[in-house]
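Subject: Structure handover

Hello,

Here is the structure I promised you. Please open it and keep it beside this email while you read.

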Amino acid sequence: MIEVLRSAASVLRGLKVYGHSDNVGVLVPRHIDTTVLEQSLSDAFTAHPAGPFILTTSGSRLLSQPSRFLGYDFVKPMGQNARADAPNVDGREAVFCGDILTAESMAELKMVRHKFLGYCAAFRLSNDVREMQARLVSLFDAEVHYRQRVAQEQAR
């Protein structure tokens with residue numbers, strides 16, 4: 001798909017393009033005619049030597065309200081930059097905190113950390129997730145340090 005998008009680089013220049021697998025999203029300023037952009041992309045997908053690919057679209061949306069794409073809520077509040085938010089970050093953080101503090105063994109704690117880092121990788125575009133990652137990596141480190149200290153004291 002990247003080759004098809006490269007062939008349409010002239011119509012995508014200056015725009016933010018998000019993609020995964022066979023999904024593509026483009027953040028487009030209001031002054032650009034999305035109908036023309038969609039037709040140009042459709043033509044590129046149809047004409048590409050690896051194709052023809054039939055492009056389907058879910059249409060354009062204003063981002064004054066969140067729009068779900070690839071698991072993110074894309075939004076552009078008035079007077080701010082567009083951003084990609086992961087849904088329910090606060091709830092996920094509470095769950096991960098609970099999992100960290102209730103893990104019964106170091107192996108279980110490592111499994112929680114692995115799951116947590118996978119979640120962070122999946123939502124790496126989200127500032128909220130990056131901030132949560134910074135907080136919880138500190139919690140993981142503190143919990144590991146605490147457990148190691150307790151284990152050393154018990155070994156004496």
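The largest nonpolar core of this predicted model has 21 residues. Phe74, Phe116, Tyr119, Val129 and Met132 touch the most other members of that core. Which elements each supply at least two residues of this core? They are strand 4 (72-75), helix 4 (89-102), helix 5 (106-122) and helix 6 (127-155). Helix 5 gives the largest share, with 5 residues.

Residues up to four places away in sequence are not counted here. Met132 then touches Val89, Arg92, Glu93, Phe116 and Tyr119.

There is also a second, separate core. It holds 9 residues, including Leu12, Leu15, Leu37 and Leu41.

Glu143 sits in helix 6. Is Glu143 buried or exposed? Its relative accessibility is 12%, so Glu143 counts as buried, the cut-off being under 20%. Beyond residues up to four places away in sequence, Glu143 touches Ile100, Leu101 and Leu109.

Cys97 belongs to helix 4. Its relative accessible area is 21%, so Cys97 counts as partly exposed. Leave aside its neighbours within four places in sequence, and Cys97 is in contact with Leu136 and Leu139. Now find Ala9. Cys97 and Ala9 are 88 residues apart in sequence. In space they are 43 Å apart, C-alpha to C-alpha.

Take the pairs one at a time. Strand 3 (residues 67-69) pairs with strand 4 over 3 bridges, in the antiparallel sense. Phe69 has Tyr72 in strand 4 as its bridge partner. These two strands form a hairpin with 2 residues between them. Leu70 in that hairpin takes a positive phi near 55 degrees.

On the other pairing, strand 4 and strand 5 (residues 83-85) run antiparallel and are joined by 3 bridges. Phe74 has Ala84 in strand 5 as its bridge partner. Asp73 is bridged to Asp85, also in strand 5.

In a regular strand, side chains alternate between the two faces of the sheet. What covers strand 4: one face or both faces? Both faces are covered. Tyr72 and Phe74 are buried on one side, and Asp73 and Val75 are buried on the other. Phe74 is also one of the residues that touch the most other members of the largest core.

Strands 1 and 2 come next.

Strand 1 (16-20) and strand 2 (23-27) run antiparallel and are joined by 5 bridges. Gly19 stands opposite Val24 in strand 2. Lys16 stands opposite Leu27, again in strand 2. The two strands form a hairpin with 2 residues between them. Ser21 lies in the turn and has a positive phi of about 55 degrees.

Last, the pocket.

How much space lies in the largest pocket? It holds about 1400 Å³. Its lining takes in 43 residues. Of these, Gly25, Val26, Leu27, Val28 and Gly59 lie nearest the centre of the pocket. Strand 1, strand 2, helix 3 (34-47) and strand 3 each supply at least two lining residues.

Work through it with the structure open.

Best wishes

Technical notes:
Residues are numbered from 1 along each chain as its sequence is written. This is a predicted model: local features need pLDDT of at least 70, side-chain atom pairs count only at pLDDT 80 or more; totals for chains, interfaces and linings use all residues. Side-chain values use heavy atoms; hydrogens and water are left out. A nonpolar core is a set of buried Ala, Val, Leu, Ile, Met, Phe, Trp, Tyr and Cys residues joined through side-chain atoms within 4.5 Å. Buried means under 20% relative accessible area, exposed over 50%, partly exposed in between (1.4 Å probe, protein chains only). Helices (H or I, at least four residues) and strands (E, at least two) are DSSP runs, numbered from the N terminus. Contact means heavy atoms within 4.5 Å. Two strands pair if DSSP finds at least two bridges between them. On a 1 Å grid over the protein atoms alone, a cavity is a set of points where a 1.4 Å probe fits but cannot get out, and a pocket is an open set with protein on both sides within 12 Å along at least five of seven lines; lining residues have an atom within 4 Å of a point. Grid points are joined across faces, edges and corners, and a volume is the space filled by probe spheres set on the points.
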